[in-house]
Amino acid sequence: MNSPNKQTIPLSNRYAVICVSGNDAEKFLQSQFTCDVNQAKNDNSIPGAYCDQRGRVLCRFTLRLIDTTYWILTQAKNTDIIVKQFKKYGLFSKIEYHILKDQQFIGITSLLTTPPPSDTYTWNITSGCQVIQTDHKHY
């Protein structure tokens, strides 16, 4: 379903989501990531990185808070790296985490030269399906 203005790109094999929740989720993630976890809200995704003790980047991701769960969108090859670190450093924190399996991800590209203002789009979660709404058109 290609058109001159939009193209869908299957991302399921390349990307994965790790969900993190629990009483200590925000505090734990803030101590682990380079980004300000407080900036991740239901209407805001933020980029971040996970670094080793020497400050070398282990992987990059996009973080978003949906309801009370943090969603970490990263390349699928990075999930083992993140989970290994969570097992090591999350032992004494009240967190739960899991990798979303069997999810379908798509990317939408556009020929627009400037992105729409952030107040013209929203993310909605309905029955396990994420819908991006822009200018009252669903994609």
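The model is predicted: local features need pLDDT of at least 70, side-chain atom pairs count only at pLDDT 80 or more, and totals for chains, interfaces and linings use all residues. Residues are numbered from 1 along each chain as its sequence is written, and side-chain values use heavy atoms, with hydrogens and water left out.

**The whole chain**
- The protein chain has 2 helices and 10 strands (DSSP runs numbered from the N terminus: helices are H or I with at least four residues, strands are E with at least two).
- From the N terminus, the order is β-β-α-β-β-β-α-β-β-β-β-β.
- Of its 139 residues, 31% count as buried (under 20% relative accessible area; exposed is over 50%, partly exposed in between, with a 1.4 Å probe and protein chains only).

**Helix H2**
- Helix H2 spans residues 79-89, and its buried residues are Thr79, Ile82, Val83, Gln85 and Phe86.
- These lie on the same side of H2 because they cover an arc of only 160 degrees around the axis (taken from the directions from the helix axis to the C-beta atoms).
- Asp80, Lys84 and Lys87 are exposed, on the face turned away from the buried side.
- Among the elements covering the buried residues are helix H1 (25-32) and strand S5 (69-75).

**Thr74**
- Thr74 lies in strand S5.
- Thr74 is buried, at 1% relative accessible area.
- Its side chain makes a polar contact with the side chain of Asn78 (3.0 Å) (a pair of N or O atoms within 3.5 Å; within protein, one must be able to donate a hydrogen and the other to accept it, and residues adjacent in sequence count only if both atoms are side-chain atoms).
- Leaving aside neighbours within four places in sequence, Thr74 is in contact with residues including Thr79 and Ile82 (heavy atoms within 4.5 Å).
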